[in-house]
Amino acid sequence: MAAPPSSSSSAANIMLAVYEKKPTSVDLYRPLRNYVVYNYSEREAQSLDDDLQTLKSMRAELERSPAASAPDSLSSRRDLLQRYYRALSAVESRFPISPDKDHVNSLTFVWHDAFKNKLKASQQNVHLEKAAVLFNLGAVYSQIGLTFDRAGGSIEGRKQASHAFIAAAGAFAFLRDNESTKAAMGGSATVDLSVECAGMLERLMLAQAQECVFENTIAKGSTPGVGIYYEEALAALSVAPLKEHFDKNWFSHVQLKAALFYAEACYRCSLELHEKEEIAEEIARLKSGVNALSEVKKSSSKGAAQQLLDAINKLEGNLNRNLERAMKENDRVYLMRVPPASSLPPLPAFSLVKSMPMAEILDASKEKMFTSLVPDSSAKALSRYTEMVDEIIRTQAEKLQQGSELARVRLKEMDLPDSILALEGNFTLPTTLKEDVEAVQICGGPAGLEAELQQLRDLRRVNQELLVQTEELLQKEATEDAQFRSQFGTRWTRPQSSTLTKNLQDRLNRFAANLKQAADSDTRIERSVRDHSALMSILDRRPIESALPTLARPIMSLDANEDAIVGSLKQSLRHLETLGAQRAGLEDMLKEMKRKDDILPKLMASTGSYEDLFRKEIMKYDHICEEIAQNIEAQEQLLLQIQVCSVESKEGQHINLGVRWDQKVIVIVIVDRAQNDEFAAIFNLEDYKASREKSYKQIEAAIAKYREIKENVNEGLKFYVTLQDAITNIKQQCSDFVMTRSIQCRDMIEDVQRQMANFGFQDKNAAGAYNYPSGGPPHHQIQRSPSQPQVNPGSMAQPPRPQTSYYNQHPEQPTMPGGYAHHPSPYGTTPQQQPPPPYPAAAPGGGPPYPAPPQPQQQPPVSHEYGQPAYPGWRGPYYNAPAQQPATHPRPPYTIPSPSPYPPPHQSGYYKQ
């Protein structure tokens, strides 16, 4: 028959809630701040002032009596209690509160018992405060559960009430497991915070939550038995210390509810037995339910709620009616013997609810209060944990690196994967050798040497042309001087050109000798390029791998299984490559986990053993360590497959070794022979290796020879650039000399013409104005006549102006003969009009390595024997400068480094102009 509505539904609104514990007022701000000032600094105390004020305000709000039992006010109270508990956890890990003189010893927490208000506990530790807050949190949750409408058909109201009671059970369970024992160890403590009371309240809240669920399931047509939690709560209330602590109304309520739901379970079971026509057991179940209700009414009816008593009476009536009917049917029809109640199996117990986990809600690791305050104990614990993590990371990283290195060495020994790549035409060079070849090809390779040799030839030609031009300048000036000396005889009294240009000629001769030696060196370089062009031609192959020998398939094959062997070997190598990539990912994963592994907040919030926390946190690295071990094992199996002979199964079938890795199974197929050995035998791998090594050595020899020639060419280029600077410099000196002699020649011709025409009177005292000592340049300062302006050597850049005559001239002078009146300079331009040198001139102080250009010397004293200098722009080095010492003569080209850096800075773009 169909199950009627629950007989206990009339008791739906009869549930219990717990009242909060009452605290006494306490000031948290001043003692905690003084502790920070004393143990840290005033500055730290100022930075924590906001957090201390927040903590103080939360405690003050907690001390106020809760508002009316409205859902909104209770929810606010719940949130306050949760925040305050997390703040207390932060306080506990940073502020030691105890009677110890070095601790916060001026704080005393006092709380009254929730069930006997006259009793109170007083302790100087934070555990009493935390335990009381947890108790009040469970009490508030229980009060919230009573605010929902559970009467009638309000399924949603009963569902919300059930959630509130489950949360209350979670708060009491958290109190029992985490704070009750600590609070009891602090000295005086009340019974309401004991482990027994917290456990009883948890079972009571679960019983009421399950009752709400039961009412909803009855409304949906289900009929589970749910009185188990009431029975457990009743058992706790029946023994010390709770037996004498709680009001008898609590005991009566729980006892009536336990009996009611036991009888309800018997009633529901009897209905099912009646459907099965098991009349004897049905009668026994009905009698058991009736007896339970009769006994509880006798012992606990006094002081019980009338609604609860009405529900019991209604259920008792239903049980009696069904019992009477069942007994009549048994007497008339079934005639079965009724078993005693003690022989019946226990009724099935159902647990439809469980306590809400409160660890995450009350977790203080994300609490922002007092984060800047880290005690030494926490810092040391964090350091110890960091060392543990570092050891794991270091050990696993070494395993990964050893695995990768092992694979590399083993494959190198088997010449893999180079052999497979060579078979497919993908040749590879050793990394170092390939980089050397690329460097040679970037520089132009052997084919580019011809262009550089042409640069050597061009530079040698330019230097030779500059040298010839310089010598021609001096020769032309000497020829003109000899002509005038022959024409005027003894009247031509200036020094001979050969006397003045001796040093210049010596330097030019040395430059010519150097050029000849350099030409010989160039010839040897060109000969070396020709002799080794065949050897170096391999470096012009692009790509260079095309010069390597090929690994060809055998011309004849007995079983034509080459493709199968190569395919199996390639598959194994791909698996190895996959494992290598996975190792790289695992190493990155380890480093990322360590970077994010910050347990300091958990350390600061932890109230238990650090070692327990460490073990829990370290466990998160276990799965990566296991994956690393699997990776190494899989690689070892693959290497054995490639290198070592296989093991066959008894049936001669191939064995598959499955290695699970990251939800993928790498299947290793072991063949009858070692894969690499069979591959080497079929494709004649040893001969190929010998031929390849020979090609490597040829390439290395070509690179060495190319570098040798390249270095010689570079030395030659540097030499010619530096020599060009030196020759350009001496050419400029010669041009200055020739121009000055030209100006002097013009003045002297005019003077001689005047003498020959008998115009003016000669100054006898100046008769030897141009008689220089025969041994070299004058050694005394030459004085100009008072009427003659002083000639500035630096004014050579300006066009020459007529000078005052060496002699006392008449104001009027006859017209000079046409051949001499306007005799032009042999190089009739001023320095500004001279054509620029073909390449930038060297700085005066930046001479080439050899021949070293003469350095500017101190001007010798000028003779006072004549009325003017020998010629404007007088420069002492032109006149018998001290001879260069033999030790300073340049050595053959390309054999010594330059005393000054070359190519000189101004020649860096020489070949690009």
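These questions and answers cover helix packing, backbone geometry and confidence in a predicted model.

User: What is the mean pLDDT of the chain?
Analyst: The model is predicted. Of the chain's residues, 71% reach a pLDDT of 70 or more. The mean pLDDT of the chain is 75.

User: Over residues 1-6 the pLDDT is below 50; how many contacts does this stretch have beyond near neighbours in sequence?
Analyst: Residues 1-6 have pLDDT below 50. The model still gives this stretch contacts beyond near neighbours in sequence. Their number is 16.

User: How far apart are the end C-alpha atoms of residues 449-476?
Analyst: An unreviewed UniProt entry annotates residues 449-476 as "coiled-coil region". In the model the span is 100% helix and 0% strand. Its end C-alpha atoms lie apart by 40 Å.

User: Are α15 and α17 roughly parallel or roughly antiparallel to each other?
Analyst: Helix α15 covers residues 449-488 and helix α17 residues 502-531. They pack at an angle of about 165°, with axes 11 Å apart. Angles over 145 degrees count as roughly antiparallel. The two helices, α15 and α17, are therefore roughly antiparallel.

User: How many nonpolar residues does the contact of α15 with α17 have?
Analyst: On α15 the contact residues include Leu449, Leu453, Leu456 and Leu467. On α17 they include Leu504, Leu508, Phe511 and Leu515. By class, the contact has four polar and five charged residues, and its nonpolar residues number 13.

User: Is the crossing of α9 and α11 left-handed or right-handed?
Analyst: Helix α9 (residues 248-275) packs on helix α11 (residues 306-334) at about 30°, with axes 10 Å apart. That angle makes α9 roughly parallel to α11. The crossing of α9 and α11 is left-handed.

User: How many charged residues does the contact of α9 with α11 have?
Analyst: Among the α9 contact residues are Lys257 and Glu264. Those on α11 include Arg325 and Glu329. The contact also has 11 nonpolar and four polar residues; its charged residues number four.

User: Is the crossing of α12 and α21 left-handed or right-handed?
Analyst: Helix α12 spans residues 376-413 and helix α21 residues 610-618. They pack at about 30°, with axes 11 Å apart. The crossing of α12 and α21 is right-handed.

User: Which residues of α21 meet α12?
Analyst: The α12 side includes Ala381, Tyr385, Met388 and Ile392. By class, the contact has eight nonpolar, two polar and three charged residues. The α21 side is Tyr610, Glu611, Phe614, Glu617 and Ile618.

User: What is omega for the cis peptide bond that joins alanine 240 and proline 241?
Analyst: Proline 241 lies in the loop between α8 (228-237) and α9. A cis peptide bond joins it to alanine 240. Omega is about 5°.

User: Where does glutamate 277 lie?
Analyst: Glutamate 277 is not a glycine, yet its phi is positive, about 60°. The residue sits in the loop between α9 and α10 (279-300).

User: What is phi of phenylalanine 370?
Analyst: Phenylalanine 370 lies in the loop between α11 and α12. Its phi is positive, though the residue is other than glycine. The value is near 60°.

Definitions and conventions: Residues are numbered from 1 along each chain as its sequence is written. This is a predicted model: local features need pLDDT of at least 70, side-chain atom pairs count only at pLDDT 80 or more; totals for chains, interfaces and linings use all residues. Side-chain values use heavy atoms; hydrogens and water are left out. UniProt positions are given in the numbering used here, feature names are shortened, and annotations may be inferred rather than shown by experiment. Helices (H or I, at least four residues) and strands (E, at least two) are DSSP runs, numbered from the N terminus. Axes are lines fitted to C-alpha atoms, for helices over the stretch in contact, and angles run from 0 to 180 degrees between N-to-C directions. Angles under 35 degrees count as roughly parallel, over 145 as roughly antiparallel, 65 to 115 as roughly perpendicular and the rest as oblique. A crossing is left-handed if the near helix is turned anticlockwise from the far one by less than a right angle, and right-handed if clockwise. Contact means heavy atoms within 4.5 Å. Ala, Val, Leu, Ile, Met, Phe, Trp, Tyr, Cys and Pro count as nonpolar, Asp, Glu, Lys and Arg as charged, and the others, Gly among them, as polar. pLDDT is the predictor's confidence in each residue, from 0 to 100.
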